[in-house]
Amino acid sequence: MKSPSLRHDLDQERAHHDACRAALARMTQDVEEQVVIGEDTAASGADAEVLGYHLRSRAKVFREMPPGPLFFGRLDRADGQVHHIGRRRIAEHPSAPPLVVDWRAPVSRAYYQAGPQDPQGVVRRRRFGWAPGSLGATEDLTALEDERLTPEGRGRRGRGTRGRTAMGRGTTDRAATDRAATTGAKAGRMSARRTGAKARRTMARRTGAKARRTPARRVGAPE
């Protein structure tokens with residue numbers, strides 16, 4: 001059974017996810033409209049081609065964005081700023097503060113790098129648990145886990161850990177897991193290439209050594 005405080009926090013985060021989903025829908029619509037406007041813009045042939053390519057590429061990114069949760073983590077900073085970390089930046093309009101920060105943005109580094117010895121201005125790091133295989137439905141946000149990095153609570157897990165363990169359905173840090181899998185596959189390919197190269201060098205050395213041990217037969221020498 002969820003505690004009242006955990007239920008309250010989950011409700012707030014679900015409401016934020018709904019706001020992010022609505023903002024993303026508006027962003028997608030705006031990009032599609034920009035493609036139409038860009039095609040009607042009078043410009044030189046080269047400029048029109050470059051502009052059209054840029055707008056169509058951006059629209060394609062939005063259209064082909066795979067379904068799934070829009071954020072997987074959150075940073076609460078000592079200066080009062082709160083950043084939700086996700087797969088891409090989401091905002092209500094270009095000049096508005098982002099509802100979700102791209103995980104590759106500099107401000108997101110503390111989510112991966114901050115620790116008890118170096119909090120990097122982070123007061124709390126929150127990880128979200130989504131139902132396995134979630135396509136991004138808000139109700140699939142089932143758990144959260146807090147890590148406080150303040151001096152009085154440094155390195156201790158918050159009550160969200162109990163919530164996640166009790167439900168046993170949440171999967172946290174989705175993007176970090178994906179990157180770890182990608183890194184592992186890349187490392188495997190590199191290892192395979194190194195192993196193959198080493199085997200080729202060994203074979204070349206053995207072939208050369210064998211050739212040196214075999215005496216050269218002179219032309220016209222009796223058998």
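In the predicted model, G86 lies in strand β2, where strands are DSSP runs (E) of at least two residues, numbered from the N terminus. Residues are numbered from 1 along each chain as its sequence is written. Because the model is predicted, local features need pLDDT of at least 70 and side-chain atom pairs count only at pLDDT 80 or more, whereas totals for chains, interfaces and linings use all residues; side-chain values use heavy atoms, with hydrogens and water left out.

With a relative accessible area of 0%, G86 is buried, a class defined by a value under 20% (1.4 Å probe, protein chains only). Contacts of G86, taken as heavy atoms within 4.5 Å and leaving aside neighbours within four places in sequence, include L70, F71, F72 and W103. The C-alpha atoms of G86 and P69 are separated by 8.2 Å, at 17 residues apart along the chain.

I85 also belongs to β2, which spans residues 82-86, and its relative accessibility of 0% likewise places I85 among buried residues. Beyond four places in sequence, I85 is in contact with residues including L75, V100, Y111 and Y112. Between I85 and R127, 42 residues apart in sequence, the C-alpha to C-alpha distance is 9.5 Å. Four of the five residues of β2 are buried, so the strand is largely enclosed by the rest of the structure.

Strand β2 pairs with β1 (residues 73-77) in the antiparallel sense over four bridges, pairing requiring at least two DSSP bridges between strands. H84 of β2 is the bridge partner of R74. The two strands form a hairpin with four residues between them, and G80 in the turn has a positive phi of about 95°. Strand β3 (residues 101-102) runs parallel to β2, joined by two bridges; there, V101 is the bridge partner of I85.

Conventions: Buried means under 20% relative accessible area, exposed over 50%, partly exposed in between (1.4 Å probe, protein chains only).
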